[in-house]
Amino acid sequence: MFCYKCAQEIDNEAVVCIHCGVATKNHGNAKDTPIIINNSASSSASAAASAGGLVPRKYNLALDIVLIICTGGLWLIWMLVRPKYY
């Protein structure tokens, strides 16, 4: 079977096109079975939705301190070795 929107070849029992995501003509023939899209983007979005909002990220204070020290050290080195015009 071919998708009527993008003309890509899809499975004969497909409910949605795997290429463009549009519902196929077989969508009306489906017997109330849920459509499960199994990719990483939708699974993380559904996990966030089921968790009740945004997924909290781990905060690493030690990494922030190291980055601040490195940035300050590079700035200090630049101030010492930069060309000085008088």
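Author: Please do, and bear in mind that this is a predicted model. Alanine 7 lies in the segment before α1 (40-51).

Reader: Why is alanine 7 called exposed?

Author: Its relative accessible area is 55%. Exposed means over 50%, so alanine 7 qualifies as exposed. Alanine 7 also has a phi near 65 degrees, a positive value in a residue other than glycine.

Reader: How do you know that leucine 74 is exposed, and where is leucine 74 placed?

Author: Leucine 74 has a relative accessible area of 62%. The cut-off for exposed is over 50%; therefore leucine 74 is exposed. Its place is in helix α2, residues 61-81.

Reader: What makes up the nonpolar patch on the surface?

Author: The patch is formed by Leu74, Trp75, Leu76, Ile77, Trp78, Leu80 and Val81, which together have about 830 Å² of accessible area. Patch members must have over 30% relative accessible area.

Reader: Which residues make up the largest nonpolar core?

Author: There are five: Cys3, Ile10, Ala14, Cys17 and Val22. Core residues must be buried, and buried means under 20% relative accessible area. Valine 22 is also in contact with Cys3, Tyr4, Lys5, Val15, Val16 and Cys17, leaving aside its neighbours within four places in sequence.

Reader: How much of the protein is buried?

Author: Buried residues make up 9% of the 86 residues. The accessible surface comes to about 7800 Å², of which 63% belongs to carbon and sulfur atoms.

Terms used: Residues are numbered from 1 along each chain as its sequence is written. This is a predicted model: local features need pLDDT of at least 70, side-chain atom pairs count only at pLDDT 80 or more; totals for chains, interfaces and linings use all residues. Side-chain values use heavy atoms; hydrogens and water are left out. Patches are made of residues with over 30% relative accessible area and no salt bridge: like charges are joined within 9 Å, nonpolar side chains (Val, Leu, Ile, Met, Phe, Trp, Tyr) within 5 Å. Accessible areas come from the Shrake-Rupley method with a 1.4 Å probe; for residues, only the protein chains shown count as cover. A salt bridge is a side-chain nitrogen of Lys or Arg within 4 Å of a carboxyl oxygen of Asp or Glu. Helices (H or I, at least four residues) and strands (E, at least two) are DSSP runs, numbered from the N terminus. Buried means under 20% relative accessible area, exposed over 50%, partly exposed in between (1.4 Å probe, protein chains only). A nonpolar core is a set of buried Ala, Val, Leu, Ile, Met, Phe, Trp, Tyr and Cys residues joined through side-chain atoms within 4.5 Å. Contact means heavy atoms within 4.5 Å.
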